[in-house]
Amino acid sequence: MNEVQAYDMLSDTVWTVLLGSAPVLVVALVIPASFLIARALGLPKRMAMLVACGNSICGNSAIATVAPVIDADSDDVAAAIAFTAVLGVVVVLGLPLLGYAIGLTDLQYGALSGLTVYAVPQVIAAAAPFGATAIKIGTLVKLVRVLMLGPVCVVLAMLAPRLRETSERGGVRARPARPPLHRLVPWFIIGFIALAAARSFGLIPGAFLAPMATATTLLTVVSMAALGLGVDVRTVAKAGGPVTAAVVLSLVTLSVVGLAAIVIVGL
């Protein structure tokens with residue numbers, strides 16, 4: 001290995017560490033900040049935590065995973081999921097405009113999309129206007145952010161008794177069951193790592209790459225359509241003003257912290 005190759009490997013390692021540290025920083029800061037915002041607006045503890053985790057990590061998937069850990073009500077889960085679904089679409093449409101307005105590079109915008117957009121298909125859609133580099137960086141950052149779901153659930157399982165509140169009948173809910181391991185690490189993360197390793201080690205024939213890329217595009221379109229079809233505007237309307245304000249302010253906090261993290265880690 002010559003000096004140029006050694007430098008390139010070191011440079012790649014540094015960039016990987018920087019890209020991996022940004023999502024960890026964002027999740028660690030935004031969850032408590034969003035929780036405090038929601039509580040200040042009068043939301044119950046469990047509802048506040050659903051909003052915080054949904055916005056900070058991966059939207060509906062995070063809400064569905066965190067809900068049994070903190071014993072959240074089904075109504076709270078439905079309201080939180082509805083709002084993240086609607087705002088997820090708004091972010092996908094509005095984030096490119098923000099990126100162009102503040103003059104982000106492809107690398108910076110890709111990182112921002114991965115730090116702020118909810119679902120992986122939405123990250124791809126939001127990053128697409130900035131090109132292939134933004135899509136790749138956004139997807140990588142987003143997947144690292146999703147991996148934070150496991151550690152967050154472990155912490156919440158320990159904090160669950162403090163999030164439980166007295167029920168309307170005067171009793172206290174039983175301790176919620178901890179989710180199984182496969183709920184803490186989403187299956188698509190494992191699939192991503194496996195396929196990335198297969199591609200890196202040359203296990204996928206070159207003739208398969210173009211058809212796989214086409215299939216990826218088609219599946220992304222289907223995923224985006226499914227997200228849209230899953231939005232029930234009636235559920236959103238029933239949730240009320242405080243939930244709306246909490247989700248919007250949490251999203252603003254996420255965007256500001258995401259931009260700050262990009263500056264801090266030097267992307």
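Visitor: Is lysine 142 buried or exposed, and which side chain of opposite charge is nearest to this residue?

Guide: Buried means under 20% relative accessible area, exposed over 50%, and partly exposed in between, with a 1.4 Å probe and protein chains only. In this predicted model, lysine 142 is buried yet has no salt bridge, a salt bridge being a side-chain nitrogen of Lys or Arg within 4 Å of a carboxyl oxygen of Asp or Glu. The nearest side chain of opposite charge, aspartate 106, is 21 Å away, where Lys and Arg count as positive and Asp and Glu as negative, with His and the chain ends not counted.

Guide: Local features here need pLDDT of at least 70 and side-chain atom pairs count only at pLDDT 80 or more, while totals for chains, interfaces and linings use all residues. Residues are numbered from 1 along each chain as its sequence is written, and side-chain values use heavy atoms, with hydrogens and water left out.

Visitor: Which backbone oxygen does the side chain of lysine 142 reach at 2.6 Å?

Guide: A polar contact is a pair of N or O atoms within 3.5 Å; within protein, one must be able to donate a hydrogen and the other to accept it, and residues adjacent in sequence count only if both atoms are side-chain atoms. The side chain of lysine 142 reaches the backbone oxygen of isoleucine 57 at that distance of 2.6 Å, and a polar atom of this side chain lies 3.4 Å from the backbone oxygen of valine 117.

Visitor: What does lysine 142 contact, leaving aside neighbours within four places in sequence?

Guide: Contact means heavy atoms within 4.5 Å, and the residues in contact with lysine 142 include Cys58, Gly114 and Tyr118.
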